[in-house]
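Please look over the model shown here before reading the notes that follow.

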Amino acid sequence: MRSARPVGLLLSAAAVALWAYGMTTWQPLTEPLGPWSERLPGNNAYWARDLRFMAIMAVPLGLVLAGRGQVRWGGPAVVLGGCWIAADVAIDRADPIGVDATVLLAVAGCAVLGVVATLLLWWERRTPQTREPGTTPAADRRVLTGVACVAGVLTLVAAAMESPTDREPELNQGALATAALLVAVAVGAALAAAPARTRARVGLAVGLTVVALLGVGLVRATAPGARLLPEVALGAVLLTGVTVLAWDWPGGRPIWWHHAVAALIALVGPVVFLVATAVPMMIMMPIGASLTALAGNSPIHAADSDLLVSLAGLLSGLGMAVLLARPSVEDRRQLR
C-alpha cells in the first residue's frame with residue numbers, strides 16, 4: 001500500500017502528541033494528595049500512565065506500518081519504544097505541567113521521531129531492494145497483520161480503562177482518544193497487509209473503522225463493572241475485521257470458514273490472554289509498582305494491586321498475533 005508510509009508516520013506523530021498531552025494534563029490528575037496511608041491510591045489509580053504507555057506503543061506500531069512491515073524498520077521501532085518508556089518514567093518524576101510543557105514534549109518527541117524515521121529511510125535507500133515494486137513479501141505481511149492484532153487488543157484495553165472513582169471526565173476523553181488512535185493503527189496495518197488494495201477492501205476498511213469507533217463509544221457509555229460484554233464484542237468485530245482485510249481472498253472472495261474460526265478466536269482469545277498475563281503480573285512480577293516507585297509516585301494501597309494493564313494488553317496482543325497473523329492460505333495450513 002503506497003499510502004502506508006505517510007499514514008504510519010502521521011499516526012506515530014499523533015501518538016507523540018497524545019503522549020505529551022497525557023503527561024502534562026492527565027497525569028497530574030492521578031497524583032495523590034499526600035503520603036498518608038488513608039490516602040494511598042487504589043486499583044487503576046494511575047490510569048493516565050497506562051493510556052500514555054499505550055500511546056507510546058502506538059509510536060513503534062506506526063513506524064512498522066510506515067516501513068510496510070520490513071524488519072529493518074521493526075527492530076529500531078521496538079528499541080525506540082523501549083527507550084521512550086524509560087524516558088517517560090524520568091519525565092514523570094519531574095512532574096511537568098501546563099501548555100508550555102505539553103508543547104515542549106510534543107516538539108521534542110516529534111523531533112526524535114523525525115530523526116529515527118529519516119535514518120530508517122536513509123538505510124532503506126542504501127540497501128538493495130529485493131522485492132518487486134508494488135508487492136509485499138509474505139514475512140512483511142505477517143508483521144503488518146501482527147501489528148494490527150496488537151493494536152486491536154490495545155484498543156480494548158484503552159476503551160475499558162477505569163479509575164478508582166470513574167468520575168473523571170478526562171478519563172473518558174483520554175480513553176476515547178487513545179482507543180481511536182489504536183483503531184486507526186489496526187485498520188491501517190491490516191489494509192497494508194492485504195495482497196492488493198481493492199475497492200472492496202478499502203470500503204471494508206472504512207466500515208470497520210466506523211463500527212470499531214462506535215464500539216469504543218459503546219464501551220465507554222457502559223457503566224464501569226459492566227463493560228465485559230461490549231468489550232468482548234468490540235474485540236470480536238475488530239480482530240475478525242482485521243483478518244478479513246489482511247488475509248488472502250482466493251478467487252476474489254474470502255474463505256469464510258477460515259474467518260469464522262478467526263471470529264471464534266477473536267471472541268475468547270483477548271480475554272483469555274489478558275487474564276493469563278494479568279494474574280502472574282499481580283502475583284509474581286510487580287512491574288507496575290516498580291515503575292510507580294521510579295516515577296516518584298505514591299505506592300498503591302496494600303489491599304489493591306498496581307497492575308500495568310497496558311503491558312498486559314501488549315503481551316495479549318502479541319499472543320493474538322501468533323494465532324491470527326497468518327494472511328496467506330499457506331500460513332493457515334501450517335496450523336493443521
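Helices (H or I, at least four residues) and strands (E, at least two) are DSSP runs, numbered from the N terminus. This is a predicted model, in which local features need pLDDT of at least 70, side-chain atom pairs count only at pLDDT 80 or more, and totals for chains, interfaces and linings use all residues. Residues are numbered from 1 along each chain as its sequence is written, and side-chain values use heavy atoms, with hydrogens and water left out.

**Largest pocket**
- A pocket is an open set of points on a 1 Å grid over the protein atoms alone, with protein on both sides within 12 Å along at least five of seven lines, and its lining residues have an atom within 4 Å of a point.
- Its lining numbers 23 residues, and A160, E231, L274, L307 and V309 lie nearest the centre of the largest pocket.
- Helices α5 (138-159), α8 (228-246), α9 (256-283) and α11 (309-324) each contribute at least two lining residues, with the largest share, 6 residues, coming from α9.

**Largest cavity**
- A cavity, by contrast, is a set of grid points where a 1.4 Å probe fits but cannot get out.
- Among the residues lining the largest cavity are W47, R49, D50, I300 and L307.

**Confidence**
- The protein chain has an average pLDDT (the predictor's confidence in each residue, from 0 to 100) of 90, and 92% of the residues score at least 70.
- Across residues 34-38, however, the pLDDT is below 50, and this stretch has 4 contacts (heavy atoms within 4.5 Å) beyond near neighbours in sequence.
- Where pLDDT is low, the predicted coordinates should not be read in detail.
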